[in-house]
Amino acid sequence: MRIIIPDYEAGSERALGRGRASRRPRGAARLLAGAGRVAGTLAGYAWIYGLLAGAHLLAWADRVRGALAGTPGAARAGEAARPPGTGAASPGADLRSADLRSADLRSADLRSANLPDANLPGADLRIAVGLATAGRPAVAREMLARLARQSRRPDAVIVAVPTSADLGPAPTAGGRVRVLTGARGLTRQRNAILAQAGDADLICFFDDDFVPGDDYLAAVAAAFAADPELAGATGLVVADGITGAGYTVAQAEGLLARGPGRTASDPPGAAPTVYSAYGCNMAFRLSAIRAGRLAFDELLPAYGWLEDVDFSRRVARFGRLARIEGAVGVHLGVKGGRQSGRRFGYSQIANPVYLVGKGSYAWPRAAWLMGRNIAMNLARAATPEPHIDRRGRAAGNARALADLVRGRLHPTRIADLP
């Protein structure tokens, strides 16, 4: 067999017999190829960081110009952005009262018939639980049934669904369940819940596929009672199915039985500070939300990726954000009912860039997150996980980057994608 390789010194090709291939040219080629890959990676990161730094600088300049002119510039971090043509932002402002049809499954007032034990820490705090769901009625009903097992029962349970078929007959969850219909999209549904929170002191948002430990709400109440500066919090997720194939309820029960946790009578313990709450389980002091007239940003459509970061960072102006380690739970990571890979891939770029422009997300964090997601989608596109549409996400990433260069990137553009 004859091997043809380039002669780098003579500039021509030469034939070698078996076993006589030159090591120097091959080693140089490998070195050059490796250096090229490293340079390409660094250049890619530099490009993304440069674009984000430019977006952040432009947003800052716009706010400065608005302040000098006496008018607001870009959406401020302390306010919820709203679609053009709407009035002042308020929770659920886009929902007409006729669209908020409720089905009261128990008493007519907001207080549960099962009052919390007055001896428990935070027993005087009124807790409303909010659940936004769509397309997964069986999963949502399982979540509501789980609430009935809480050692500290919620004072109100508010469920927001696009249609009654998205929930079906709901259990009582150990208290009054109010069902709101008429909103579609996570941020719109959560705003509808906020608008109906009444005189509650705390609002606790759960994803429909989150399984809280039996003492979750008790730990939340104790932590907020112990720290008046605590404005928002998230629990300790002992297992997160969103990063893999997901868990069943039975598996979650087993994980909670083996995992860390405390009983409701234990002291609240440490609550380390965090950058933001995790959307599958997060609690906020409603006085902070009312003080800032805060609402979830409805320009983050559909699944509303990063809405938890955006909302948390705006709440953080009024106090501390923490992780309550006694509030444990498992995120099942149910795959049904989520948006397409292409749309989610677009959101992986559009949403961080948008939040950087708002000032509610630090651009180094956004750049790291986008770079990691792009790299993972490209690296696994050839052999994707069975539960993740890597090729679709990569295509969405590419579309978003193209829109960013053209100056038309926006979270709402996912509506144009299949």
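Colleague: How many bridges join E8 to E10?
Modeller: E8 and E10 run parallel. Within the pair, alanine 233 has alanine 322 of E10 as its bridge partner. Strands pair here if DSSP finds at least two bridges between them. E8 and E10 are joined by a bridge count of 9.

Colleague: What pLDDT do local features need in this model?
Modeller: Residues are numbered from 1 along each chain as its sequence is written, and side-chain values use heavy atoms, without hydrogens or water. The model is predicted: totals for chains, interfaces and linings use all residues, side-chain atom pairs count only at pLDDT 80 or more, and local features need a pLDDT of at least 70.

Colleague: How many helices and strands does the protein chain have?
Modeller: Both are DSSP runs, numbered from the N terminus: helices are H or I with at least four residues, strands are E with at least two. On that basis the protein chain has 10 helices and 10 strands.

Colleague: What percentage of the residues of the protein chain count as buried?
Modeller: Buried means under 20% relative accessible area, exposed over 50%, and partly exposed in between, with a 1.4 Å probe and protein chains only. The protein chain has 418 residues. The buried share is 47%.

Colleague: What is the strand order of the open sheet?
Modeller: The sheet has 8 strands with mixed pairing. Its order is E5-E4-E3-E6-E9-E8-E10-E7.

Colleague: Which strands stand at the edges?
Modeller: Each edge strand has a single partner, so one side is left without a neighbour in the sheet. Neighbouring strands are turned by 30 degrees against each other on average, direction ignored. The edge strands are E5 and E7 (210-212).

Colleague: In which sense do E7 and E10 pair?
Modeller: The two share 3 bridges. The sense of the E7 and E10 pairing is antiparallel.

Colleague: How many of the residues of E8 are buried?
Modeller: E8 also pairs with strand E9 (281-285), in the antiparallel sense over 3 bridges. In that pair, threonine 234 has methionine 282 of E9 as its bridge partner. E8 is mostly covered, its buried count being 8 of 11.

Colleague: How many residues does the largest nonpolar core have?
Modeller: Such a core is a set of buried Ala, Val, Leu, Ile, Met, Phe, Trp, Tyr and Cys residues joined through side-chain atoms within 4.5 Å. Val159, Phe206, Tyr216, Val220, Phe224 and Ile324 have the most contacts inside the core. The largest core has a residue count of 32.

Colleague: Which element gives the largest share of this core?
Modeller: Elements that give two or more residues include helix H2 (137-147), strand E4 (156-161), helix H4 (216-226) and strand E10 (320-331). The largest share is 7 residues, and it comes from H4.

Colleague: Where is leucine 306 found?
Modeller: Leucine 306 has a phi near 75 degrees. Most residues other than glycine have a negative phi. At 8% relative accessibility, leucine 306 counts as buried. Leucine 306 is found in the loop between H6 and H7.

Colleague: Is alanine 302 buried or partly exposed?
Modeller: Alanine 302 has a positive phi of about 55 degrees although it is not a glycine. Alanine 302 is placed in the loop between H6 (286-291) and H7 (307-315). With a relative accessible area of 31%, alanine 302 is partly exposed.

Colleague: How many of the residues of H7 are buried?
Modeller: Among the buried residues of H7 are Glu307, Asp308, Phe311 and Arg314. Their cover includes helix H3 (186-195), E8, E9, H6, E10 and H8. H7 is mostly covered, with a buried count of 8 of 9.

Colleague: At roughly what angle do the axes of H8 and H9 cross?
Modeller: Axes are lines fitted to C-alpha atoms, for helices over the stretch in contact, and angles run from 0 to 180 degrees between N-to-C directions. The axes of H8 (341-358) and H9 (363-379) come within 10 Å. They cross at roughly 175 degrees.

Colleague: How are H8 and H9 placed to each other, roughly parallel or roughly antiparallel?
Modeller: Angles under 35 degrees count as roughly parallel, over 145 as roughly antiparallel, 65 to 115 as roughly perpendicular and the rest as oblique. H8 and H9 are therefore roughly antiparallel.

Colleague: Which residues of H8 make the contact with H9?
Modeller: Contact means heavy atoms within 4.5 Å. The H9 side includes Trp363, Met370 and Ile374. The H8 side is Gln348, Ile349, Pro352, Val353 and Val356.
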